[in-house]
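Q: Could you take me on a close look at the contact between the two chains here? I would like one connected account that I can follow with the model open beside me.

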Amino acid sequence: MNFDFWGLGLQALNAVILIWLLSRVFWRPVAAAITRRQAAAQTLLGDAKATQDKADAALAELTAARAGIAAERDKVLAEAKDAALAIKADAQSEAHAQAETIMAAARSDMAREADTARETMNAQAGELAVDIARKLLGELPGEAVQAAFLQKLTDAIGDLPAQDRAALVAAKRVDLMCPADPSADAKTEITSAVQQALGEAVVLNFVTDPALIAGYELRSDHFVLHNSWQADLAAILKEMRHAD
Amino acid sequence: MNSPLESAALFYIGPVAITQAIVMTWVIMAVLVIGAYLLTRRLSLHPSKRQVALELLVDTLDTQIRETTGAAPAPYRGFIGTLFVFILVANWSSLIPGVEPPTAKLETDAALAALVFFSVIWFGVRGAGVGGYLRSFAMPNPVMIPLNMLESVTRVFSMFVRLFGNVMSGVFVIGIVASLAGLLVPIPLMALDLLTGLVQAYIFAVLAMVFIAATVEEGAHGPADPDPETSLQKKDS
C-alpha cells in the first residue's frame, strides 16, 4: 500500500474547483430561479389579495348601495301609497259628493215628478169626481137637490157676519150662479128665500154655470158665497193636497 | 486483480502522478459542469419539466439542510450539494465497464474528508467567529477539549474510511465475482452497488452537514439541543 499525497492534494483541488464551478453554473442559478418564481408567485398572490380586497370593498359598497336603494324604494313606495290613499280619499269624497248631488237631483226630480203626478192625479181625480157627481146627480131628483142647496144657501147667509150681509146687500149687482137655468117659479122662490135670509130686498141676477154641477152661489164684486158641488169638490181636493 | 489499495500512474505532470481516479474525476467534473451549464441555460418563470426537476432537486437539498441545521441553506448548498452529487456520480460510474470509481481510491476519499474537515473550520469560524469556533471544543465542558479535538479528526477519518471501504469493497467484490462467474452473475451485486453508492453519498453529505451545523451551533449558542434525527445520524457515524 502506498498513499499518494500529491494525488490527495490534486483531488482536493479538483473537488474545490468542482464545488466552485457547480456553485456558479448550477446551485446559484437554480436557487435564483426558485427565488424569482417564489417572488413572482408572491407578487401574484399579493396582486390577487389586492384584487380580492378591492372586490370585497366593491361588494361592500354595492351591498351598502343596495341597502340604500331598498330603503329609498321603501320610502318611495310609502309615499306612493300615501299619495294613492289621498287620491283615493279625494276620489271617494268627490264621488260621494257627486253621488249626493245626483241623489239630491234624483230626489228633487222624483219629488217634482211626484208632485206633477199628484197634481195630474188630483186633476184627474177632480174631473173624475165631477163626472161621478154628474152621474150621481143625474140619478137624483134635481128639484130636491136644488132645494137642499137652497136651504144650505140660506143657512150660510144666516151664518154670515152682519158686516158681510150688509156688504152683500149694498152691492150693486149680485149674481146667483145656477147649474141650469131655473124656471120663473124657481127664480121667484129662490129670490124670496135669499131676501128672507138677508133680511133685505136685493135684486138677484141669475147666471147659469153648468160647472157648479149642483147648488147655488152668490157672487158680487167683492164677495163670493160658495154653495155648490163644484166648491165642495174643490175644497175636498184642496184638503187632499194638504193631506199629502 | 490488482490491490484496491494500489493506484497505478497513467502519466506524470511534474512530480504528480496522474492516476485513473484523477482522470475519472476530471471526466466527472467535465460532465457535471457541462451538464449543469446545459441544464441551467434557459431558466424562466414558466418552468419546463427539466427546470421543475432541477428545482425539485435543489429544493429537496435546501429542505434537508434547513431541517438539519435550522439555518438558511444558501451558504451550505454549494458545498453539501456538490459533495453529494460528485460522490453519487463517482460511485455510480462503476457501472461503466472498465471504469473504476474515483471514490474507490484512498486519495479521493481522503481529499473529500479533508475538505469536510476544513469546511467545518471555515463555516465554524465564519458562523461563530474564531472564539466561537474554539469555544465549540469546550462543549459541554472544558474537560472535553482533548476528546473534541480528537473527535474532529477521527470523525472525518471515519467518513473517509467508511466511504472508501463501502465503494472499494463493492467494486472489489463485483470484480471477483465477474472474474469467477461471468458477466450476468454480478448484476444483482451491481444493483446493490447502486443502492450502496446512493446511501454512501447521502451519508457523507448529511454527516458533513451535521458536523458543520453542530460546530456553528455550539460556537454561537453553546450546546445545541440535539434534534432526534441529528442525534441518530451522529450515533450512526
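A: Happy to. A word on terms to begin with: helices (at least four residues) and strands (at least two) are DSSP runs, numbered from the N terminus. On that basis chain B holds seven helices and two strands, and reading from its N terminus the order is β-β-α-α-α-α-α-α-α. Please keep in mind that this is a predicted model.

Now to the contact itself. Chain B brings 43 residues to it and chain A brings 30. Together the two chains bury about 3,300 Å², and carbon and sulfur atoms account for 77% of that area.

Which charged pair joins the two sides? The rule finds one salt bridge across the interface of chain B and chain A, and the partners are Arg37(A) and Glu55(B), whose side chains meet at 2.3 Å, N to O.

Helix 1 of chain B gives the most, with nine residues. Sorted by type, the residues on this side of chain B comprise 29 nonpolar, nine polar and five charged.

In an unreviewed UniProt entry, the annotation "transmembrane region" covers residues 12-40, 74-92, 112-134, 163-185 and 197-216 of chain B. Take residues 74-92 of chain B: the span is 100% helix and 0% strand, and its end C-alpha atoms lie 27 Å apart. Residues 197-216 of chain B are likewise 100% helix and 0% strand, with 29 Å between the end C-alpha atoms. For chain A, the UniProt annotation "transmembrane region", again from an unreviewed entry, covers residues 6-27. In the model that stretch of chain A is 100% helix and 0% strand, and its end C-alpha atoms are 29 Å apart.

One lies within chain A, where the side chains of Arg118(A) and Asp115(A) meet at 2.2 Å, N to O. These two are three residues apart in helix 1 (residues 5-139) of chain A, so about one helical turn separates them.

Finally, how confident is the predictor about chain B? Its mean pLDDT is 84, and 90% of its residues reach 70 or more. The pLDDT is below 50 over residues 224-237 of chain B, although this stretch has 16 contacts in the model beyond near neighbours in sequence. Where pLDDT is low, the predicted coordinates should not be read in detail.

Technical notes: Residues numbered from 1 in each chain as written. Chains lettered and ligands numbered in written order. Predicted model: local features only at pLDDT ≥ 70, side-chain atom pairs only at ≥ 80, totals over all residues. Heavy atoms only, no water. UniProt positions renumbered as here; feature names shortened; annotations may be inferred. Contact = heavy atoms within 4.5 Å. Buried area = accessible area lost by both parts, 1.4 Å probe. Salt bridge = Lys/Arg side-chain N within 4 Å of Asp/Glu carboxyl O. Nonpolar A, V, L, I, M, F, W, Y, C, P; charged D, E, K, R; others polar. pLDDT = per-residue confidence, 0-100.
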